[in-house]
Amino acid sequence: MAVSGALPVVDLAPFLTGGDDGGIASVTEAVREACRTHGFFRAVNHGRPSQPAGYGRQPAHSADKNEYPAEPAGLRETVEECHGKLTELGLLIQGILNECMGLPPGSLSDYNNDRSFDHMTAKRYFPATAEDENIGFSEHEDGNCVTFIFQDSVGGLEVLRDGHWVPAEPVDGTRQHHRQHRRCHAVLSNSKLKSATHRVVRKPAHRHSFAFFFNLHCDKWVEPLPEFTPKIGEAPRYRRFLYREYQQLRVRNKTHPPERPEDVIRITHYAI
Ligand SMILES: O=C(O)CCC(=O)C(=O)O
Ligand SMILES: [Fe+2]
C-alpha cells in the first residue's frame with residue numbers, strides 16, 4: 001500500500017548560481033541526510049530542462065535501434081544536448097557526494113572518470129486496467145551510481161520507506177521530479193548511504209518518464225572504501241566485485257528470470 005509522506009526535497013540553487021558557503025554547506029547537509037535515510041531526493045533548481053523537447057511524442061514509424069528517427073524534427077540535437085546537461089548534473093551530484101562521504105577532494109571523480117557507460121531511456125506506461133495489479137515497473141534498485149528521473153504529471157513512481165510505498169510527488173505542482181539513488185555508493189560507503197528501492201504503479205492515464213543513468217565503467221572494481229572500513233574500525237559488508245560482473249548478473253535476472261524471487265541477484269550477492 002502506498003502512504004503519503006514527503007520525500008526529501010533538495011534545492012540545488014546555491015551550486016548553480018554561485019551561492020555563498022553557508023548555502024552550499026546546507027545543501028550538502030540536505031543531500032547527506034537524504035542519502036542516509038532514503039537514497040532518494042527530489043531536486044529543484046537543478047538548472048536542467050523541465051522536460052526534453054519532444055517528450056511524450058512518438059515518431060510515426062519506429063526507427064532502427066542505432067539511428068535517430070527523422071521525426072520529431074531536431075530529436076537528435078535535443079537528445080544530445082540533454083545528455084550533455086545531465087552529464088554535467090551527474091558530475092555536480094558526484095562532487096556533492098564526495099563531500100558528503102568525507103572523501104579527499106576529487107576522489108569520486110578520479111575513480112569514476114569515464115563517461116562512456118552513461119545512458120538515457122524513455123519509457124511509456126500503459127494505463128491501469130481493472131484486471132491487472134498494475135505494476136508498471138516492479139520493485140528494484142538501480143545498479144548504477146546516480147539516476148535522474150523525469151516523470152510527467154500522471155505520476156506513479158514510488159519509493160519504499162520503512163516497509164511502505166511513498167509516492168514521489170511533484171514539488172509545488174511542477175510537472176517534473178528527479179531522484180537520485182546509488183547502488184555503487186551504497187557499497188563504496190559500506191551501506192552508510194542507501195540505495196532506494198522503487199517501483200512504478202500504473203495510473204488511469206498513459207505515463208511517460210525519462211531517465212538518465214550516471215554510471216561507472218564496467219572494468220571498475222567496486223568495494224567499500226577504507227574511509228568506511230578500517231579507518232573507522234568497521235568491517236566491510238561487501239566483498240570486492242567487478243562492476244561488469246554485477247551488470248551481467250542483473251541482465252541475467254531479466255533474460256533468465258529465476259523461478260524463486262529470492263534467487264534474483266541483488267547487491268546482497270556480494271554481502272559478507
Ligand atoms: O519510469 C520511472 O519513473 C522509473 C524507471 C526506473 O526505475 C528505471 O528505469 O530504473
Ligand atoms: Fe529504477
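Strands β3 and β9 run antiparallel and are joined by seven bridges. Helices (H or I, at least four residues) and strands (E, at least two) are DSSP runs here, numbered from the N terminus. This is a predicted model, in which local features need pLDDT of at least 70 and side-chain atom pairs count only at pLDDT 80 or more, while totals for chains, interfaces and linings use all residues. Residues are numbered from 1 along each chain as its sequence is written, chains are lettered from A and ligands numbered from 1 in the order in which they are written, and side-chain values use heavy atoms, with hydrogens and water left out.

**The β3-β9-β5 sheet**

- Three strands make up this open sheet, in the order β3-β9-β5 and with antiparallel pairing (two strands pair if DSSP finds at least two bridges between them).
- β3 and β5 sit at the edges with a single partner strand each, so one side of each has no neighbour in the sheet.
- From one strand to the next, the twist averages 20° (axes are lines fitted to C-alpha atoms, for helices over the stretch in contact, and angles run from 0 to 180 degrees between N-to-C directions).

**The β4-β8-β6-β7 sheet**

- Another open sheet has four strands, ordered β4-β8-β6-β7 and paired antiparallel.
- Its edges are β4 and β7 (164-167), each with a single partner strand, so one side of each is left without a neighbour in the sheet.
- Neighbouring strands in this sheet are turned by 30° against each other on average, direction ignored.
- β6 (residues 157-161) and β7 run antiparallel, with four bridges joining them.
- Val 166 in β7 stands opposite Val 159.

**Around ligand 1**

- Ligand 1 is surrounded by 13 residues, and the closest are Lys 123, Tyr 125, His 198, Arg 207 and Ser 209 (a residue is near a molecule or strand if one of its heavy atoms lies within 4 Å of it).
- The side chain of Lys 123 has an N or O atom 2.6 Å from an oxygen atom of ligand 1, and the side chain of Tyr 125 likewise has one 2.6 Å from a ligand oxygen.
- On its own, ligand 1 has 290 Å² of accessible area, and the protein covers 97% of that (areas come from the Shrake-Rupley method with a 1.4 Å probe; for residues, only the protein chains shown count as cover).
- Two or more shell residues come from each of β3 (119-125), β4 (135-140), β8 (198-201) and β9 (207-214).
- β9 gives the largest share of the shell, three residues.
- Sorted by class, the shell has six nonpolar, three polar and four charged residues (Ala, Val, Leu, Ile, Met, Phe, Trp, Tyr, Cys and Pro count as nonpolar, Asp, Glu, Lys and Arg as charged, and the others, Gly among them, as polar).

**Aromatic pairs**

- There are six aromatic pairs in the structure (rings of Phe, Tyr and Trp, the last by its six-membered ring, pair if their centres lie within 6.5 Å; planes under 30 degrees apart count as stacked, over 60 as edge-to-face and the rest as tilted).
- One of them is the stacked pair of Phe 148 and Phe 212, at 6.2 Å centre to centre with 20° between the planes.
- This pair links distant parts of the chain, with Phe 148 in strand β5 (residues 146-151) and Phe 212 in strand β9, 64 residues apart.

- The peptide bond from Glu 71 to Pro 72 is cis, with omega near -10°, and Pro 72 is in the loop between β2 (42-44) and α3 (75-100).
- Asn 134, in the loop between β3 and β4, has phi near 65°, a positive value in a residue other than glycine.

Key. Polar contact = N/O pair within 3.5 Å; in protein donor to acceptor, adjacent residues only side chain to side chain.
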